[in-house]
Amino acid sequence: MISFYPGPSRTYDEIPDYVKDAHRSGILSMNHRSDEFVALCKKTVSLLKEKLDIPESYTVLFTSSATECWEVIAQSLITEKSLHIYNGAFGEKWFDYTHRLIPNAEAFPFDAERKLDLKQLPLTDQEVICITQNETSNGTEVNASIIASIKRINPRSLVVVDATSSMAGIELNFKSADVWFASVQKCFGLPAGLAIMVCSPQAIQYINSINEKKHYNSLVFMNEMMEKWQTSYTPNVLGIYLLMRVLKKRKPINIIHQKTKTRAEAWQKFFRGAKNLKLYIKNQGVRSLTVVTVTGKPDYVSEIKKKAKAAGFILGEGYGVLKNDTFRIANFPAIKSSEITKLKSFLKEYR
Ligand SMILES: *Cc1c(COP(=O)(O)O)cnc(C)c1O
């Protein structure tokens, strides 16, 4: 089976070997207060910074999922209010989770077919501005220049970006926002159970000034522990080890970005002029580079998903309200070109 699911997604072929190495070298029972863990943590963070082009002054923290990042942000980074800018199910879920903890959290939903219009945003006096960079449910993205403008217009606010389905797949301008997070079961090509959170010096300063300490994963504790290359609880050591091994082999992000972009354009071309299947997002200017959402009549879509499965392909289900009339194709780096060719030759008959 070849998985084109946009998370959990296809993992790199080397993972089983790395797991064996981890077993052989004692990683599986490694103590998270040991010198060996400190070295592993340091190495992983340094590779993340090197390969993803994260500024040296930024802090990398580990959590176990992107959902945990949503919660940690609501508990330790927002004291009064936050603004949530989204156009799909993941951004909305993030808002819902935050709203339960922060009653003043405000939603700004926008049209998935439109570029975010900065003039319409209630940007002034926001404490924290939350943006879903890549909306995995519908296959749209908020581009780098819009995120940078939001920060430029409101430099005192913290801009927090969910990049779960794009980090490690495309270039992100980390300097243009304060907190970026992603779990590893998407573009990193790793098994689930680990997420990373990247914080600017301004974010760390704010975290310390709030000094929220009510939770095991309060950001103050997490940051304090990371200053010693450790975590506030026993982390997913195997996950961190696998991340380190996978990163070691990866090309720099600008090269990966080019490949992702070329493949995304090829997918768009593939569906151009198709009779039965169309790209769900019509506006090319807002389409995601890492998630391709395809739409058709519900019966047809469900037939294709079944036939694809029988032919050895797992397509991504439609998400939320799009469940019945869409399917999604991950355009993540771990997928091989030969696999894309195979899926295309299967879909050719049906498109
Ligand atoms: C997958 C996804 C999440 C949730 O990730 P978990 O690691 O399952 O918590 C959050 N946001 C976006 C944009 C996602 O694609």
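**Cysteines, burial and overall form**

Modeller: Cys-69 counts as buried because its relative accessibility is 0%, where buried means under 20% relative accessible area, exposed over 50% and partly exposed in between, with a 1.4 Å probe and protein chains only. This is a predicted model, in which local features need pLDDT of at least 70 and side-chain atom pairs count only at pLDDT 80 or more, while totals for chains, interfaces and linings use all residues. Residues are numbered from 1 along each chain as its sequence is written, and side-chain values use heavy atoms, without hydrogens and water.

Colleague: Why is Cys-130 called buried?

Modeller: Cys-130 has a relative accessible area of 1%, and is therefore buried. Buried residues make up 58% of the 351 residues in the chain.

Colleague: How do you know that Cys-69 is in no disulfide?

Modeller: A disulfide is a pair of cysteine sulfur atoms within 2.5 Å, and the count by this rule is 0. For Cys-69, the nearest cysteine sulfur belongs to Cys-199 and is 8.8 Å away. For Cys-130, the nearest one is that of Cys-69, 12 Å away.

Colleague: What makes the radius of gyration of the chain agree with that of a compact globule?

Modeller: The radius is taken over C-alpha atoms, and the globule rule is 2.2 Å times the number of residues to the power 0.38. For 351 residues the rule gives a value near 20 Å, and the chain has 20 Å, so the two agree. The C-alpha trace spans about 55 × 55 × 35 Å along its principal axes.
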